[in-house]
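Colleague: I'd like to learn how to read a model like this one. Could you walk me through it?

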Amino acid sequence: MMADTVHDKVVQILAEQAMLEPGDVTMDQSLEDLGIDSLGLVESIFAIEEEFDIQVPFNANEPDKSDFDISSVAAIIGAVQGLVTAQKG
Amino acid sequence: MRRVVITGAGTVNALGGDVAETWAAMAEGRCGIGPLDIRDVDRLSVKIGAQVRGYDETAHFNRQQIALYDRFTQFALLAAEQAVSQAGITFSGELAQRSGVVMGTSGGGLQTQDDNYRAVYEEGKNRVHPFVVPKLMNNAAASHISMQYNLQGPSFTVATACASSNHAMGQAFQMIRSGLADVMLTGGSESMLCFGGVKAWEGLRVMSRDACRPFSANRNGMVQGEGAGMFVFEEYERAKARGAEILAEVAGFAMSSDAADIVMPSKKGAARAIAGALRDARLDPSEIGYVNAHGTGTAANDKTECAAVADVFGHHANDLMISSTKSMHGHLIGGTGAVELLACIMALRDGVIAPTINYEEPDPECALDVVPNEAREAKVGVVLSNAFAFGGLNAVLALSAI
């Protein structure tokens, strides 16, 4: 899948969760900056799994141990791109 | 004010088919968690649970009963039978009208729902068994217990997720104390270990895929269990007059709501329930020797619970013991408080404190005496049992030796 497509779709998902316009989401923002809490994160991951038909390894009890980097919007896009490549070839 | 005592106990859970077996397992620190043996387990990412194994419903119930009893009702009836048998009470005449049953459950007849949704949606059937509704309803267990024992007084079911049993037992306690009833059967039952039940929990990403390790720094989530715990609560003078064996006194109870978040627990809400139970029982915090923790093994619960305990008990928090038996019997959701009350009774009666097993790494945010890995002999006079539910609904019971 094209990197641009992953980028746009992840931004779309996070923007919807944060109740913002996609244009208001910037790459360096954290989930906290976007106002997305732990429940919002779990919902966003679900939306990402559904959108890209992938499995995202993430346990809310140990977010730091996950390979899925959620430190910023850019990190999440990178992580999703990696999973799409790995799982969808 | 009337006093309330426990004169019977019964259980079916992953640790055993009765109280004695469960106490033995708790004293040994035995783990009831293992690979799930349920339909479509290959489609689950969480494949472990504390299942009641080797259970054959036909060994306990006839064909007509099985048609009406969901697994959660069966567990409740078996536990109730043990409790009533131990109490040695026959409910007739005026006593029957002054006795009832308050049950806790969260999912009710979830197995029945799962099976029948599968039948109509997956298998495309257009007809289901005529008893689906009376089998799946949340009050089915309470109703069948009332029918079995002729309990004609106040009877109902409460559903407050993981605090259901404690809320139920608290209601039963208050009814006897206030004079509304003389004897109450109470406790909780849950049977959520089916494909839909586990699949729903997976979604929250709070489940462990390997073990339940409450308070341990390397904990990674909760593990579901199933089963029931049932008790006979009885007015003290009545129990004494008939020479009943008294297992413990129910000394106090309190409830609180976080009024904050649908899943994240609140230290303040938990602390208010703990402090409230102490006040209700007219106890000084320093009198508490043991707390059976809610202790789910999630990051959020365990540190919040330890902070709440530290807040309420101050320096005494370092002297009391607090363990999570969920590490052994799993999280029975709406039935969990009832099975955990057994650990409280064991502490008071036998002086054996059930351990928190799977404890591997200290967590500075849970720096209390969690009775790691091995049961401990200790004489305690008063104990608490915590339950803090999703939805921020908290219920804490205080029990004392008598």
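Modeller: Let's begin with names: helices (H or I, at least four residues) and strands (E, at least two) are DSSP runs, numbered from the N terminus. This is a predicted model, where local features need pLDDT of at least 70 and side-chain atom pairs count only at pLDDT 80 or more, while totals for chains, interfaces and linings use all residues. Residues are numbered from 1 along each chain as its sequence is written, and chains are lettered from A and ligands numbered from 1 in the order in which they are written.

Colleague: Where does B:F215 lie, and is B:F215 buried or exposed?

Modeller: B:F215 is in the loop between α9 and β7 of chain B. For burial, count the other C-beta atoms, placed from the backbone, within 10 Å of a residue's own: 20 or more is buried, 12 or fewer is exposed, and in between is partly exposed. B:F215 has 30, so it is buried. B:R205 sits in the loop between α9 (195-202) and β7 of chain B, and it counts as buried because it has 22 such neighbours. B:D37, in the loop between β2 (34-35) and β3 (48-49) of chain B, is exposed because its count is 11. B:P362, in the loop between β11 (352-353) and β12 (376-377) of chain B, has 13, so it is partly exposed.

Colleague: How many residues of α7(B) are buried?

Modeller: Seven of its 10, so α7(B) is mostly covered by the burial cut-off. Among them are B:A142 and B:S146. The cover over the buried residues includes α3, β4 (99-104), α6 (132-136), β5 (155-158) and β6 of chain B.

Colleague: How do I read a helix pair, say α3(B) and α7(B)?

Modeller: Two packed helices are described by the angle between their axes and the distance between the axes. Axes are lines fitted to C-alpha atoms, for helices over the stretch in contact, and angles run from 0 to 180 degrees between N-to-C directions. Here α3 (residues 71-87) and α7 (residues 140-149) of chain B have axes that come within 9 Å and cross at roughly 40°. Angles under 35 degrees count as roughly parallel, over 145 as roughly antiparallel, 65 to 115 as roughly perpendicular and the rest as oblique, so α3(B) and α7(B) are oblique to each other. Contact means C-beta atoms, placed from the backbone, within 7 Å. On α3(B) the contact includes B:F72 and B:L77, and on α7(B) it includes B:H144 and B:I145.

Colleague: How many residues do the two domains of chain B bring into contact?

Modeller: Domain bounds come from an automatic or database domain assignment, which gives domain 1 (4-241) and domain 2 (252-400) in chain B. Their centres, taken over C-alpha atoms, are 21 Å apart. In chain B, 63 residues of domain 1 are in contact with 57 residues of domain 2. On the domain 1 side, α8(B) gives the most, with eight residues.
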